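The entries below follow the order in which I looked things up.

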Amino acid sequence: QVQLVESGGGPVQAGGSLRLSCVASGRTFSGYAMGWFRQAPGKEREFVAATSRSGGRTDYADSVKGRFTISRDSAKNTVYLQMNSLKPDDSAVYYCAAEGWGVTIAGWRSWGQGTQVTVSS
């Protein structure tokens, strides 16, 4: 199983930007896809973005298309989520996921502990 540690969350004003990072360890980084999910208070965890093993394929939730970008750096065993034009509705705990694919949490095997993003209006 892959170990994941997220960072980069925090408070930001609407319209601002944040970049989340997730460092992976425990398996060869190029051997698995990675993704981001988020969970707001009282809501279910939802898919945000995913990138394939090579980074050649990416997938995004409709709510973040055009604003968020997922990328991976094999030299650093790290996946990033660049978030621009943030909205209050983007406020949530953001979770890094690995070893899976798809928009459901059941499709992923490994999870990080989460990092809080709070967008104020």
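I began with the pairing of β4 and strand β5 (residues 46–51), which run antiparallel and are joined by five bridges. I took strands as DSSP runs of E with at least two residues, numbered from the N terminus, and counted two strands as paired if DSSP finds at least two bridges between them. The model is predicted, so local features need pLDDT of at least 70 and side-chain atom pairs count only at pLDDT 80 or more, while totals for chains, interfaces and linings use all residues. Residues are numbered from 1 along each chain as its sequence is written, and side-chain values use heavy atoms, with hydrogens and water left out.

In the β4 and β5 hairpin, six residues lie between the strands, and Gly-42 takes a positive phi near 80°. I then looked up β4 with strand β9 (residues 92–100) and found antiparallel pairing over six bridges. Gly-35 stands opposite Ala-50 in β5 and opposite Ala-97 in β9.

I next checked burial in β4 (residues 34–39): five of its six residues are buried, so the strand is largely enclosed by the rest of the structure. Buried here means under 20% relative accessible area with a 1.4 Å probe, protein chains only.

I turned to an open sheet of four strands, in the order β1-β3-β8-β7 with antiparallel pairing. β1 (3–7) and β7 (68–73) stand at the edges with a single partner strand each, so one side of each is left without a neighbour in the sheet. Within this sheet, strand β3 (residues 18–25) and strand β8 (residues 78–83) pair over six bridges, and Leu-20 has Leu-81 in β8 as its bridge partner.

How values were computed:
Buried means under 20% relative accessible area, exposed over 50%, partly exposed in between (1.4 Å probe, protein chains only).
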